Amino acid sequence: MIPPVVVVGGGLAGIATALRLQAADVQVVLVESRRKLGGRATSFVDPRDGATLDNCQHVVMGCCTHLLDLYERLGVAHLIQWHPTIHWANPPGDPDAITPGWCPSPGHFAGSFLRARFLSGGAKRAVAQAMWKIIRLGREGRHQWRGRPFSDFLSGVKQPREAIEKFWDPVVTSACNLPSASVDAFHALLVFQQGFLQDAWSPVMGLASVPLIALYDPAIEMLESGGGSLRLGESVLGLNFDGRRVTGVVTDEGSIDCSSVVCAVPPDRLAKLCSATMTAADTRLTHLGEVAFSPILGVHLFFDQAVLATPHLVLPGRATHWLFDKGVDSDGRHHVHAVVSAAYEWMDLDEPEIVRRVMEDIAWALPGTRGLVPSAARAVKEKRATFACTPGIDAIRPTASRDGIRGGIENLFLAGDWCATGWPATMEGAVRSGDMAAAALLGNEFKACDVPAAPLARLLGL
Ligand SMILES: Cc1cc2nc3c(=O)[nH]c(=O)nc-3n(C[C@H](O)[C@H](O)[C@H](O)COP(=O)(O)OP(=O)(O)OC[C@H]3O[C@@H](n4cnc5c(N)ncnc54)[C@H](O)[C@@H]3O)c2cc1C
(Lines give C-alpha, C1' and ligand atoms only; values in the text may rest on other atoms or scores of the structure.)
Protein backbone atom coordinates (compact mmCIF):
# COMPACT_ATOMS: atom_id res chain seq x y z
CA MET A 1 0.00 0.00 0.00
CA ILE A 2 1.27 3.48 -0.86
CA PRO A 3 1.88 5.50 2.31
CA PRO A 4 -0.18 8.71 2.64
CA VAL A 5 0.93 12.26 1.97
CA VAL A 6 1.51 13.98 5.30
CA VAL A 7 0.61 17.66 5.50
CA VAL A 8 2.25 19.36 8.47
CA GLY A 9 0.30 22.38 9.76
CA GLY A 10 -3.43 23.04 9.80
CA GLY A 11 -3.40 26.75 9.00
CA LEU A 12 -4.98 28.00 5.78
CA ALA A 13 -2.03 26.75 3.70
CA GLY A 14 -2.28 23.24 5.16
CA ILE A 15 -6.08 23.13 4.86
CA ALA A 16 -5.91 24.28 1.22
CA THR A 17 -3.24 21.68 0.38
CA ALA A 18 -5.03 18.83 2.12
CA LEU A 19 -8.40 19.52 0.48
CA ARG A 20 -6.87 19.84 -3.00
CA LEU A 21 -5.00 16.55 -2.58
CA GLN A 22 -8.01 14.79 -1.20
CA ALA A 23 -10.11 15.99 -4.13
CA ALA A 24 -7.55 14.27 -6.38
CA ASP A 25 -8.02 10.99 -4.44
CA VAL A 26 -4.69 11.25 -2.64
CA GLN A 27 -4.74 9.84 0.87
CA VAL A 28 -3.82 12.65 3.27
CA VAL A 29 -2.87 12.84 6.92
CA LEU A 30 -3.02 16.42 8.24
CA VAL A 31 -1.05 16.92 11.46
CA GLU A 32 -1.65 20.10 13.47
CA SER A 33 -0.01 20.77 16.81
CA ARG A 34 -2.92 22.76 18.19
CA ARG A 35 -6.32 21.28 18.95
CA LYS A 36 -7.96 23.40 16.26
CA LEU A 37 -7.54 24.43 12.64
CA GLY A 38 -6.84 27.90 11.27
CA GLY A 39 -3.33 28.69 12.53
CA ARG A 40 -2.90 32.45 12.78
CA ALA A 41 -6.34 33.10 11.31
CA THR A 42 -8.45 31.52 14.02
CA SER A 43 -10.23 32.11 17.34
CA PHE A 44 -9.52 31.30 20.96
CA VAL A 45 -11.54 31.08 24.15
CA ASP A 46 -10.61 33.88 26.52
CA PRO A 47 -9.90 32.16 29.85
CA ARG A 48 -10.99 35.29 31.72
CA ASP A 49 -14.64 35.14 30.69
CA GLY A 50 -15.05 32.22 28.31
CA ALA A 51 -15.75 34.46 25.30
CA THR A 52 -14.72 33.15 21.86
CA LEU A 53 -12.56 35.85 20.30
CA ASP A 54 -10.64 35.99 17.03
CA ASN A 55 -6.92 36.36 17.57
CA CYS A 56 -7.35 39.41 15.33
CA GLN A 57 -9.79 40.83 12.84
CA HIS A 58 -9.00 39.23 9.49
CA VAL A 59 -9.92 41.16 6.36
CA VAL A 60 -10.48 39.51 2.99
CA MET A 61 -10.78 41.48 -0.25
CA GLY A 62 -12.54 40.81 -3.53
CA CYS A 63 -9.17 40.09 -5.15
CA CYS A 64 -8.56 37.14 -2.77
CA THR A 65 -9.80 34.67 -5.35
CA HIS A 66 -8.16 31.49 -4.06
CA LEU A 67 -9.29 32.12 -0.48
CA LEU A 68 -12.84 32.84 -1.63
CA ASP A 69 -12.80 29.70 -3.73
CA LEU A 70 -11.76 27.73 -0.64
CA TYR A 71 -14.62 29.34 1.33
CA GLU A 72 -16.99 28.30 -1.50
CA ARG A 73 -15.79 24.70 -1.38
CA LEU A 74 -16.16 24.71 2.40
CA GLY A 75 -19.70 26.11 2.03
CA VAL A 76 -18.93 29.14 4.21
CA ALA A 77 -18.70 31.91 1.60
CA HIS A 78 -22.12 33.22 2.66
CA LEU A 79 -20.66 33.94 6.12
CA ILE A 80 -18.51 36.74 4.69
CA GLN A 81 -20.14 40.18 4.84
CA TRP A 82 -19.04 42.58 2.13
CA HIS A 83 -18.29 46.26 2.73
CA PRO A 84 -17.82 48.28 -0.48
CA THR A 85 -17.52 51.54 1.48
CA ILE A 86 -14.47 52.25 3.65
CA HIS A 87 -14.96 54.87 6.36
CA TRP A 88 -12.04 57.19 7.15
CA ALA A 89 -12.13 59.20 10.38
CA ASN A 90 -12.12 62.94 9.90
CA PRO A 91 -12.74 64.47 13.34
CA PRO A 92 -14.55 66.55 14.43
CA GLY A 93 -16.62 65.96 11.27
CA ASP A 94 -18.30 62.76 10.19
CA PRO A 95 -16.07 60.08 8.66
CA ASP A 96 -15.37 60.23 4.94
CA ALA A 97 -16.86 57.38 2.91
CA ILE A 98 -14.54 56.11 0.19
CA THR A 99 -16.62 54.03 -2.14
CA PRO A 100 -16.57 52.92 -5.79
CA GLY A 101 -18.59 55.30 -7.97
CA TRP A 102 -19.69 55.46 -11.61
CA CYS A 103 -16.27 56.28 -13.10
CA PRO A 104 -14.80 53.32 -14.99
CA SER A 105 -11.84 51.59 -13.32
CA PRO A 106 -9.18 52.61 -12.51
CA GLY A 107 -11.09 55.81 -11.69
CA HIS A 108 -13.81 54.17 -9.55
CA PHE A 109 -12.65 55.83 -6.32
CA ALA A 110 -12.05 59.25 -7.91
CA GLY A 111 -15.36 60.85 -6.94
CA SER A 112 -15.44 59.89 -3.27
CA PHE A 113 -11.70 60.52 -2.89
CA LEU A 114 -12.03 64.04 -4.28
CA ARG A 115 -14.94 64.72 -1.90
CA ALA A 116 -13.07 63.33 1.14
CA ARG A 117 -11.88 65.85 3.74
CA PHE A 118 -9.43 63.78 5.78
CA LEU A 119 -6.72 65.01 3.37
CA SER A 120 -6.02 68.59 2.27
CA GLY A 121 -6.54 69.53 -1.39
CA GLY A 122 -2.76 69.58 -1.95
CA ALA A 123 -2.28 66.11 -0.49
CA LYS A 124 -5.16 64.74 -2.57
CA ARG A 125 -3.65 66.19 -5.76
CA ALA A 126 -0.30 64.60 -4.90
CA VAL A 127 -1.95 61.22 -4.22
CA ALA A 128 -3.88 61.43 -7.51
CA GLN A 129 -0.66 62.16 -9.43
CA ALA A 130 1.10 59.24 -7.75
CA MET A 131 -1.85 56.94 -8.55
CA TRP A 132 -1.55 57.92 -12.19
CA LYS A 133 2.16 56.98 -12.07
CA ILE A 134 1.26 53.65 -10.46
CA ILE A 135 -1.27 52.96 -13.20
CA ARG A 136 1.12 53.91 -16.00
CA LEU A 137 3.90 51.84 -14.46
CA GLY A 138 1.80 48.84 -15.44
CA ARG A 139 2.13 45.32 -14.09
CA GLU A 140 5.51 44.87 -15.76
CA GLY A 141 6.83 48.18 -14.46
CA ARG A 142 6.34 47.25 -10.84
CA HIS A 143 9.01 44.54 -11.16
CA GLN A 144 11.68 47.20 -11.57
CA TRP A 145 10.85 48.33 -8.01
CA ARG A 146 11.51 44.92 -6.47
CA GLY A 147 14.08 45.12 -3.73
CA ARG A 148 13.61 48.83 -2.96
CA PRO A 149 11.54 50.44 -0.20
CA PHE A 150 8.19 51.89 -1.25
CA SER A 151 9.27 55.21 0.31
CA ASP A 152 11.77 55.53 -2.61
CA PHE A 153 8.86 55.40 -5.02
CA LEU A 154 6.84 57.89 -2.95
CA SER A 155 9.69 60.39 -2.76
CA GLY A 156 10.26 59.96 -6.51
CA VAL A 157 6.67 61.09 -7.08
CA LYS A 158 7.05 63.90 -4.52
CA GLN A 159 4.53 62.85 -1.92
CA PRO A 160 4.15 65.33 0.95
CA ARG A 161 4.42 64.10 4.53
CA GLU A 162 0.67 64.54 5.05
CA ALA A 163 -0.13 62.19 2.16
CA ILE A 164 2.33 59.59 3.46
CA GLU A 165 1.12 59.72 7.05
CA LYS A 166 -2.60 59.91 6.39
CA PHE A 167 -2.97 57.89 3.20
CA TRP A 168 -0.05 55.78 1.94
CA ASP A 169 1.13 54.45 5.29
CA PRO A 170 -2.32 53.48 6.63
CA VAL A 171 -3.09 51.53 3.44
CA VAL A 172 0.32 49.92 2.98
CA THR A 173 0.78 49.08 6.66
CA SER A 174 -2.64 47.43 6.83
CA ALA A 175 -2.04 45.39 3.68
CA CYS A 176 1.64 44.47 4.05
CA ASN A 177 2.18 44.86 7.81
CA LEU A 178 5.08 47.26 7.26
CA PRO A 179 5.09 51.02 6.61
CA SER A 180 6.26 52.57 3.33
CA ALA A 181 9.80 53.13 4.64
CA SER A 182 10.43 49.41 5.15
CA VAL A 183 8.12 47.50 2.78
CA ASP A 184 9.31 46.17 -0.58
CA ALA A 185 7.95 48.56 -3.22
CA PHE A 186 6.95 45.67 -5.50
CA HIS A 187 4.44 44.44 -2.94
CA ALA A 188 3.08 47.89 -2.12
CA LEU A 189 2.61 48.57 -5.84
CA LEU A 190 0.87 45.21 -6.24
CA VAL A 191 -1.56 46.20 -3.48
CA PHE A 192 -2.50 49.42 -5.29
CA GLN A 193 -2.49 48.06 -8.83
CA GLN A 194 -4.25 44.74 -8.28
CA GLY A 195 -5.99 45.42 -4.98
CA PHE A 196 -7.41 48.91 -5.52
CA LEU A 197 -7.14 50.19 -9.09
CA GLN A 198 -7.65 47.45 -11.68
CA ASP A 199 -11.38 46.98 -11.04
CA ALA A 200 -14.09 47.96 -8.57
CA TRP A 201 -14.66 44.51 -7.01
CA SER A 202 -11.07 43.74 -5.96
CA PRO A 203 -10.92 46.37 -3.17
CA VAL A 204 -14.27 45.44 -1.61
CA MET A 205 -13.63 44.39 1.98
CA GLY A 206 -15.07 41.20 3.44
CA LEU A 207 -15.35 40.34 7.14
CA ALA A 208 -16.43 37.03 8.63
CA SER A 209 -19.78 37.30 10.39
CA VAL A 210 -18.87 34.36 12.65
CA PRO A 211 -15.76 33.61 14.72
CA LEU A 212 -12.99 32.61 12.30
CA ILE A 213 -12.76 29.12 13.73
CA ALA A 214 -16.31 28.38 12.57
CA LEU A 215 -15.16 28.75 8.96
CA TYR A 216 -13.00 25.63 9.28
CA ASP A 217 -15.54 23.20 10.80
CA PRO A 218 -16.57 21.90 7.34
CA ALA A 219 -12.89 21.21 6.55
CA ILE A 220 -12.76 18.73 9.43
CA GLU A 221 -15.80 16.93 8.12
CA MET A 222 -14.62 17.00 4.50
CA LEU A 223 -11.24 15.57 5.42
CA GLU A 224 -12.57 12.85 7.65
CA SER A 225 -15.51 11.79 5.50
CA GLY A 226 -13.27 11.73 2.41
CA GLY A 227 -10.97 9.08 3.89
CA GLY A 228 -8.27 11.49 5.07
CA SER A 229 -7.08 11.65 8.61
CA LEU A 230 -6.82 14.73 10.82
CA ARG A 231 -4.51 14.58 13.81
CA LEU A 232 -5.14 17.63 15.97
CA GLY A 233 -3.04 18.27 19.07
CA GLU A 234 -0.08 16.33 17.64
CA SER A 235 3.23 18.03 16.87
CA VAL A 236 5.68 17.02 14.20
CA LEU A 237 9.15 16.94 15.75
CA GLY A 238 11.23 15.99 12.74
CA LEU A 239 11.33 14.46 9.26
CA ASN A 240 12.94 11.11 8.45
CA PHE A 241 15.30 11.64 5.53
CA ASP A 242 17.16 8.80 3.84
CA GLY A 243 19.56 11.09 2.00
CA ARG A 244 17.29 11.38 -1.04
CA ARG A 245 13.68 11.37 0.10
CA VAL A 246 11.60 12.06 3.17
CA THR A 247 10.30 8.68 4.29
CA GLY A 248 8.19 9.73 7.26
CA VAL A 249 7.52 12.25 10.00
CA VAL A 250 8.25 11.84 13.69
CA THR A 251 5.61 13.26 16.00
CA ASP A 252 5.23 13.50 19.75
CA GLU A 253 2.92 10.48 19.48
CA GLY A 254 4.98 8.22 17.20
CA SER A 255 5.87 8.24 13.54
CA ILE A 256 3.97 8.25 10.25
CA ASP A 257 5.37 6.82 7.02
CA CYS A 258 4.73 9.04 4.04
CA SER A 259 5.05 9.02 0.26
CA SER A 260 5.54 12.81 0.30
CA VAL A 261 5.39 15.54 2.90
CA VAL A 262 3.98 19.05 2.57
CA CYS A 263 5.34 21.35 5.27
CA ALA A 264 2.80 24.15 5.69
CA VAL A 265 4.38 25.78 8.74
CA PRO A 266 6.16 29.13 9.20
CA PRO A 267 9.90 29.22 8.37
CA ASP A 268 11.12 29.20 11.99
CA ARG A 269 9.05 26.07 12.66
CA LEU A 270 10.23 24.41 9.48
CA ALA A 271 13.86 25.03 10.45
CA LYS A 272 13.29 22.96 13.59
CA LEU A 273 12.03 20.00 11.55
CA CYS A 274 14.93 19.83 9.10
CA SER A 275 18.27 18.18 9.85
CA ALA A 276 21.54 19.67 8.62
CA THR A 277 21.67 16.92 5.98
CA MET A 278 18.29 17.99 4.64
CA THR A 279 19.29 21.64 4.60
CA ALA A 280 22.44 20.77 2.69
CA ALA A 281 20.38 18.76 0.20
CA ASP A 282 17.81 21.43 -0.68
CA THR A 283 18.62 25.09 -1.26
CA ARG A 284 15.00 26.03 -0.48
CA LEU A 285 15.87 25.38 3.15
CA THR A 286 19.04 27.45 3.37
CA HIS A 287 17.46 30.84 4.07
CA LEU A 288 14.89 29.85 6.69
CA GLY A 289 16.74 31.71 9.45
CA GLU A 290 16.82 34.93 7.41
CA VAL A 291 13.06 35.45 7.24
CA ALA A 292 12.17 38.21 9.73
CA PHE A 293 8.73 38.81 11.22
CA SER A 294 6.48 41.78 11.77
CA PRO A 295 4.03 42.03 14.70
CA ILE A 296 0.31 42.89 14.85
CA LEU A 297 -1.66 43.93 17.91
CA GLY A 298 -5.38 43.30 18.21
CA VAL A 299 -7.34 44.80 21.10
CA HIS A 300 -10.82 43.59 22.00
CA LEU A 301 -12.77 46.28 23.86
CA PHE A 302 -16.20 45.86 25.42
CA PHE A 303 -18.46 48.80 26.22
CA ASP A 304 -21.84 49.31 27.86
CA GLN A 305 -22.92 51.54 24.99
CA ALA A 306 -22.48 51.76 21.22
CA VAL A 307 -19.23 53.44 20.19
CA LEU A 308 -18.97 53.33 16.41
CA ALA A 309 -21.59 54.75 14.07
CA THR A 310 -20.02 52.94 11.09
CA PRO A 311 -19.15 49.23 10.75
CA HIS A 312 -15.46 50.10 10.82
CA LEU A 313 -13.21 53.14 10.82
CA VAL A 314 -9.72 53.88 9.50
CA LEU A 315 -7.78 56.25 11.78
CA PRO A 316 -5.45 58.07 9.34
CA GLY A 317 -2.20 59.25 10.89
CA ARG A 318 -2.83 57.51 14.24
CA ALA A 319 -0.99 54.60 15.86
CA THR A 320 -4.23 52.58 15.93
CA HIS A 321 -4.98 51.82 12.30
CA TRP A 322 -8.49 50.34 12.33
CA LEU A 323 -11.55 49.99 14.53
CA PHE A 324 -14.14 47.31 13.75
CA ASP A 325 -17.64 47.13 15.20
CA LYS A 326 -18.07 43.47 16.20
CA GLY A 327 -21.69 43.98 17.31
CA VAL A 328 -23.32 43.18 20.64
CA ASP A 329 -22.28 39.97 22.39
CA SER A 330 -24.51 37.56 24.34
CA ASP A 331 -23.90 39.58 27.53
CA GLY A 332 -25.17 42.77 25.86
CA ARG A 333 -21.68 44.26 25.59
CA HIS A 334 -20.75 46.38 22.56
CA HIS A 335 -17.64 44.76 21.14
CA VAL A 336 -15.08 46.92 19.31
CA HIS A 337 -11.88 45.50 17.89
CA ALA A 338 -8.86 47.79 17.40
CA VAL A 339 -5.95 46.78 15.16
CA VAL A 340 -2.39 48.08 15.10
CA SER A 341 -0.28 46.64 12.28
CA ALA A 342 3.55 46.67 12.30
CA ALA A 343 3.09 47.12 16.06
CA TYR A 344 6.80 46.95 16.99
CA GLU A 345 6.51 49.74 19.57
CA TRP A 346 3.55 48.11 21.32
CA MET A 347 5.00 44.67 22.02
CA ASP A 348 6.57 45.58 25.37
CA LEU A 349 3.58 47.55 26.68
CA ASP A 350 1.30 46.08 29.32
CA GLU A 351 -2.44 45.74 28.70
CA PRO A 352 -3.57 48.81 30.70
CA GLU A 353 -1.13 51.03 28.78
CA ILE A 354 -2.21 49.49 25.44
CA VAL A 355 -5.87 50.15 26.27
CA ARG A 356 -5.06 53.73 27.37
CA ARG A 357 -3.32 54.47 24.06
CA VAL A 358 -6.04 52.88 21.95
CA MET A 359 -8.73 54.79 23.90
CA GLU A 360 -6.80 58.00 23.20
CA ASP A 361 -7.01 57.24 19.47
CA ILE A 362 -10.70 56.37 19.75
CA ALA A 363 -11.32 59.70 21.54
CA TRP A 364 -9.44 61.47 18.70
CA ALA A 365 -11.53 59.77 16.02
CA LEU A 366 -14.84 60.00 17.89
CA PRO A 367 -14.62 63.03 20.21
CA GLY A 368 -18.03 62.17 21.72
CA THR A 369 -16.49 59.09 23.36
CA ARG A 370 -13.91 61.05 25.38
CA GLY A 371 -13.89 59.77 28.96
CA LEU A 372 -15.51 56.46 27.99
CA VAL A 373 -13.99 53.46 29.77
CA PRO A 374 -14.33 49.90 28.42
CA SER A 375 -15.91 47.45 30.85
CA ALA A 376 -13.46 44.78 29.69
CA ALA A 377 -10.47 44.59 27.37
CA ARG A 378 -8.23 41.90 25.92
CA ALA A 379 -5.03 42.76 24.05
CA VAL A 380 -3.64 40.03 21.77
CA LYS A 381 -0.02 40.50 20.75
CA GLU A 382 1.19 38.48 17.77
CA LYS A 383 4.94 39.07 17.64
CA ARG A 384 5.40 36.85 14.59
CA ALA A 385 2.16 37.81 12.91
CA THR A 386 3.54 37.83 9.37
CA PHE A 387 6.88 37.56 7.63
CA ALA A 388 8.40 41.01 7.18
CA CYS A 389 7.88 41.98 3.56
CA THR A 390 11.15 43.91 3.39
CA PRO A 391 13.10 44.81 0.22
CA GLY A 392 14.72 41.69 -1.22
CA ILE A 393 12.46 39.22 0.59
CA ASP A 394 11.30 37.55 -2.63
CA ALA A 395 14.84 36.31 -3.29
CA ILE A 396 14.63 34.01 -0.26
CA ARG A 397 10.99 32.89 -0.44
CA PRO A 398 11.04 29.20 -1.45
CA THR A 399 9.05 27.54 -4.20
CA ALA A 400 6.56 24.77 -3.45
CA SER A 401 8.61 22.06 -5.12
CA ARG A 402 12.23 21.52 -6.04
CA ASP A 403 11.40 22.08 -9.74
CA GLY A 404 13.69 24.66 -11.26
CA ILE A 405 16.39 24.35 -8.61
CA ARG A 406 19.46 22.17 -8.69
CA GLY A 407 19.19 19.07 -6.52
CA GLY A 408 16.55 19.39 -3.88
CA ILE A 409 14.41 16.84 -2.10
CA GLU A 410 12.01 15.38 -4.60
CA ASN A 411 9.12 14.53 -2.27
CA LEU A 412 9.39 17.58 0.04
CA PHE A 413 6.82 20.30 -0.74
CA LEU A 414 6.56 23.66 1.00
CA ALA A 415 3.51 25.84 1.65
CA GLY A 416 2.70 28.82 3.85
CA ASP A 417 2.09 32.53 3.33
CA TRP A 418 5.87 33.12 3.35
CA CYS A 419 6.51 30.91 0.29
CA ALA A 420 6.99 32.33 -3.21
CA THR A 421 3.43 33.21 -4.13
CA GLY A 422 4.07 36.79 -5.24
CA TRP A 423 1.66 37.92 -2.50
CA PRO A 424 2.38 39.62 0.81
CA ALA A 425 1.63 37.68 4.02
CA THR A 426 -2.12 37.20 3.79
CA MET A 427 -4.73 34.50 3.99
CA GLU A 428 -4.87 34.65 0.19
CA GLY A 429 -1.11 34.09 -0.01
CA ALA A 430 -1.44 31.11 2.36
CA VAL A 431 -4.21 29.49 0.29
CA ARG A 432 -2.37 30.14 -2.97
CA SER A 433 0.72 28.48 -1.52
CA GLY A 434 -1.37 25.43 -0.58
CA ASP A 435 -2.90 25.28 -4.05
CA MET A 436 0.60 25.57 -5.53
CA ALA A 437 2.00 22.79 -3.33
CA ALA A 438 -0.88 20.47 -4.19
CA ALA A 439 -0.53 21.19 -7.92
CA ALA A 440 3.22 20.53 -7.76
CA LEU A 441 2.72 17.26 -5.89
CA LEU A 442 0.09 16.11 -8.38
CA GLY A 443 2.32 17.09 -11.30
CA ASN A 444 -0.20 19.69 -12.47
CA GLU A 445 0.53 23.20 -13.64
CA PHE A 446 -0.57 25.82 -11.07
CA LYS A 447 -2.87 28.41 -12.62
CA ALA A 448 -3.41 31.59 -10.60
CA CYS A 449 -7.02 32.65 -10.82
CA ASP A 450 -6.85 36.47 -10.71
CA VAL A 451 -9.72 38.93 -11.08
CA PRO A 452 -9.43 40.31 -14.63
CA ALA A 453 -8.68 44.00 -14.91
CA ALA A 454 -11.54 46.20 -16.17
CA PRO A 455 -11.22 47.12 -19.89
CA LEU A 456 -9.94 50.71 -19.43
CA ALA A 457 -7.59 49.65 -16.63
CA ARG A 458 -6.19 46.93 -18.88
CA LEU A 459 -5.76 49.38 -21.72
CA LEU A 460 -3.77 51.63 -19.38
CA GLY A 461 -1.42 48.79 -18.42
CA LEU A 462 -2.99 47.15 -15.36
C1 LIG B 1 -2.85 39.33 14.17
C2 LIG B 1 -2.93 38.95 12.71
C3 LIG B 1 -3.76 39.66 11.85
C4 LIG B 1 -3.82 39.33 10.50
N5 LIG B 1 -4.68 39.98 9.68
C6 LIG B 1 -4.86 39.54 8.42
C7 LIG B 1 -5.86 40.10 7.59
O8 LIG B 1 -6.59 41.01 7.98
N9 LIG B 1 -5.99 39.62 6.31
C10 LIG B 1 -5.19 38.61 5.83
O11 LIG B 1 -5.39 38.20 4.68
N12 LIG B 1 -4.23 38.08 6.61
C13 LIG B 1 -4.05 38.51 7.87
N14 LIG B 1 -3.09 37.93 8.66
C15 LIG B 1 -2.18 36.95 8.07
C16 LIG B 1 -2.81 35.56 8.00
O17 LIG B 1 -3.35 35.20 9.24
C18 LIG B 1 -1.72 34.59 7.60
O19 LIG B 1 -1.08 35.03 6.43
C20 LIG B 1 -2.26 33.18 7.33
O21 LIG B 1 -3.22 32.80 8.27
C22 LIG B 1 -1.07 32.22 7.35
O23 LIG B 1 -1.51 30.90 7.13
P24 LIG B 1 -0.44 29.72 7.04
O25 LIG B 1 -1.22 28.48 6.88
O26 LIG B 1 0.59 30.06 6.05
O27 LIG B 1 0.33 29.71 8.44
P28 LIG B 1 -0.23 29.48 9.92
O29 LIG B 1 -1.57 30.07 10.05
O30 LIG B 1 0.84 29.95 10.84
O31 LIG B 1 -0.39 27.90 10.04
C32 LIG B 1 0.67 27.05 10.40
C33 LIG B 1 0.10 25.95 11.29
O34 LIG B 1 1.12 24.99 11.52
C35 LIG B 1 1.02 24.55 12.86
N36 LIG B 1 2.32 24.00 13.22
C37 LIG B 1 3.49 24.68 13.38
N38 LIG B 1 4.48 23.83 13.68
C39 LIG B 1 3.94 22.59 13.69
C40 LIG B 1 4.47 21.31 13.94
N41 LIG B 1 5.75 21.11 14.25
N42 LIG B 1 3.62 20.24 13.89
C43 LIG B 1 2.31 20.41 13.58
N44 LIG B 1 1.76 21.61 13.34
C45 LIG B 1 2.58 22.69 13.40
C46 LIG B 1 0.63 25.79 13.62
O47 LIG B 1 0.03 25.48 14.85
C48 LIG B 1 -0.34 26.46 12.65
O49 LIG B 1 -1.66 26.07 12.89
C50 LIG B 1 -3.01 38.27 10.01
C51 LIG B 1 -2.18 37.56 10.87
C52 LIG B 1 -2.15 37.88 12.21
C53 LIG B 1 -1.30 37.07 13.12
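Predicted model: local features only at pLDDT ≥ 70, side-chain atom pairs only at ≥ 80, totals over all residues.
Is G147 buried, exposed or partly exposed?

**Entry 1: G147**

G147 counts as partly exposed because it has 15 C-beta neighbours inside 10 Å; the class is called buried at 20 or more other C-beta atoms within 10 Å, exposed at 12 or fewer, and partly exposed in between, with C-beta atoms placed from the backbone. I found G147 in the loop between α4 (121-141) and α5 (150-156), where helices (H or I, at least four residues) and strands (E, at least two) are DSSP runs numbered from the N terminus. Leaving out residues up to four places away in sequence, I noted that G147 touches D184, P391 and G392, a contact being two C-beta atoms, placed from the backbone, that lie within 7 Å. I also looked up S401, which is 254 residues from G147 in sequence and 24 Å from G147 in space, C-alpha to C-alpha.

**Entry 2: domains and the ligand**

I took the domains from the assignment, which gives domain 1 (5-44 + 211-290 + 392-442), domain 2 (90-203) and domain 3 (293-387); such bounds come from an automatic or database domain assignment. The contact takes five residues from domain 1 and five residues from domain 3, and on the side of domain 1 that touches domain 3 I noted three nonpolar, no polar and two charged residues. For these classes, Ala, Val, Leu, Ile, Met, Phe, Trp, Tyr, Cys and Pro count as nonpolar, Asp, Glu, Lys and Arg as charged, and the others, Gly among them, as polar. The C-alpha centres of domain 1 and domain 3 lie 33 Å apart.

Around the ligand I recorded 37 residues, the closest being G9, G11, G39, C56 and T426; a residue is near a molecule if its C-beta atom, placed from the backbone, lies within 6 Å of it. The elements that give two or more residues to this shell are α1 (12-23), β2 (28-32), β15 (293-303), β19 (376-387) and α12 (427-442), and the largest share, four residues, comes from α12. By class, the shell divides into 16 nonpolar, 14 polar and seven charged residues. Domain 1 and domain 3 both give residues to the shell, so the ligand lies between them.

**Entry 3: strand β18**

Next I turned to strand β18 (residues 334-341), in which seven of the eight residues are buried. β18 pairs with β15 in the antiparallel sense over eight bridges, and with β17 (residues 322-328), again antiparallel, over five bridges; two strands pair if DSSP finds at least two bridges between them.

**Entry 4: backbone exceptions**

Most residues other than glycine have a negative phi, and most peptide bonds are trans. I therefore listed the exceptions.

- A342 has a positive phi near 45 degrees, is found in the loop between β18 and α11 (351-365), and is buried, with 24 other C-beta atoms within 10 Å.
- K158 has a positive phi near 55 degrees, has its place in the loop between α5 and α6 (161-176), and is exposed, with 10 other C-beta atoms within 10 Å.
- P91 and P92 are joined by a cis peptide bond with omega of about 0 degrees, and P92 lies in the loop between β7 (86-88) and β8 (96-98).
- S105 to P106 is a cis peptide bond with omega near 15 degrees, and P106 lies in the loop between β8 and α3 (110-115).

**Entry 5: helix α2**

Which residues of helix α2 (residues 65-74) are buried? I noted H66, L67, L70 and Y71. They cover an arc of only 145 degrees around the axis, which puts them on the same side of α2; the arc is that of the directions from the helix axis to the C-beta atoms. The buried residues of α2 pack against α1, β5 (59-61), β6 (80-83) and α12. Just after α2, G75 takes a positive phi of about 75 degrees.

Terms used. Residues numbered from 1 in each chain as written.
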